[in-house]
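I opened this notebook page to record what I looked up in one protein model. The entries run from the overall picture to a single bond.

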Amino acid sequence: MGSGSRIAHEAALRLGRPETVSFDRLVPRQRQSGPEPVVAGNGSLLRIILIVSAGLALLTCIALLCVHLIGSEIARAGHSDDPSVRQIVMGNDVLNVPANMIRFRSQRSAGSLDRLDLYLLWPEMAGYSEAMKEEFNRPTINPAILFLTVEPRTMSQDMTGRIPAIYAKFMEGPDSDAGFGLKRRSLSAEGGFGGEELWYEAGSPYPFAARCVKPGEASATPYCLRDIHVGRDLAVTYRFHRSLIGQWMALDAAIRAQMKRMLAG
């Protein structure tokens, strides 16, 4: 078999047709009223076969790459294990954030954002990684995952500063000792705080404060919320499982330290 015949033979096998069936029989032709078109010579036909073969090979490689990338993304359930830093501009502040700490794929590009959502594993304060994937992919709630939302400030006071100005107006009943150096007091549904309590540090001039779902609210996820001010003009709202309330002092210090590391300048 000559060189040209051998190449045509191999190309035919790659195209998935028997070697006895010519290439042009597999391509439907439109009916024409005029004479039949001139069939290309063997050289032209061979070039067409090689071009088509190369194109199919390229498409196959692209398809396999896409399957690999999409499969990896699905396996990570939307997480990223990329620790490289993304520079996020938010108002007058600049944040340098590892991509694997950014919760949503749409926010993992450098640039300007109005809101940034993060998640961290407590107490390591680490983002997603293959080594920690079981912690991030539990089928039930993992109390060790902290959720942070960073936004430009919309209020002049953080949660602690709003105790006398706002929360005091919606407190109900007497306070009770919550342990861990904290008091707790029910909040009124009239203020939009139905099923919540304010947990706050006793006897401090500027106390820690967090809103927590009441222990008796079986239908609600047992989380607490706290917001603090950081940087020039940013507010950070962090959400943590109520079971971590006893570590409130370490939590608050770790969140502030993490944000300080991320803030440029």
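**Basis.** I worked from a predicted model, in which local features need pLDDT of at least 70 and side-chain atom pairs count only at pLDDT 80 or more, while totals for chains, interfaces and linings use all residues. I numbered residues from 1 along each chain as its sequence is written, and side-chain values use heavy atoms, with hydrogens and water left out.

**Overall make-up.** I found five helices and eleven strands in the protein. Helices (H or I, at least four residues) and strands (E, at least two) are DSSP runs, numbered from the N terminus. Of the 265 residues, 36% are buried; buried means under 20% relative accessible area with a 1.4 Å probe, counting protein chains only. The protein exposes about 15400 Å², and carbon and sulfur atoms supply 57% of that area; I took accessible areas from the Shrake-Rupley method with a 1.4 Å probe. I then looked at contacts, meaning heavy atoms within 4.5 Å. Among those with a separation of 6 or more, 50% are between residues 24 or more positions apart.

**Sheet.** I traced an open sheet of eight strands in the order β4-β5-β11-β10-β9-β8-β7-β6, with antiparallel pairing. Two strands pair if DSSP finds at least two bridges between them. The edge strands are β4 (116-121) and β6 (171-179), each of which pairs on one side only. From one strand to the next, the twist averages 25 degrees. Helix α5 (residues 248-262) packs on this sheet, and I noted that α5 touches β4, β5 (145-152), β7 (182-187), β8 (196-201), β10 and β11 (234-241). The direction of α5 makes about 45 degrees with that of β10. Axes are lines fitted to C-alpha atoms, for helices over the stretch in contact, and angles run from 0 to 180 degrees between N-to-C directions.

**Cysteine pair.** I next examined β9 (residues 209-213) and β10 (residues 223-230), which pair in the antiparallel sense over two bridges. Cys212 stands opposite Cys224 in β10. A search of the whole structure for disulfides (cysteine sulfur atoms within 2.5 Å) returned one. Cys212 and Cys224 form a disulfide, with their sulfur atoms 2.1 Å apart. Because Cys212 lies in β9 and Cys224 in β10, the pair ties together parts that are twelve residues apart in sequence. Is Cys212 buried or exposed? Cys212 is buried, at a relative accessible area of 1%, and Cys224 is buried at 0%.

How values were computed
Buried means under 20% relative accessible area, exposed over 50%, partly exposed in between (1.4 Å probe, protein chains only).
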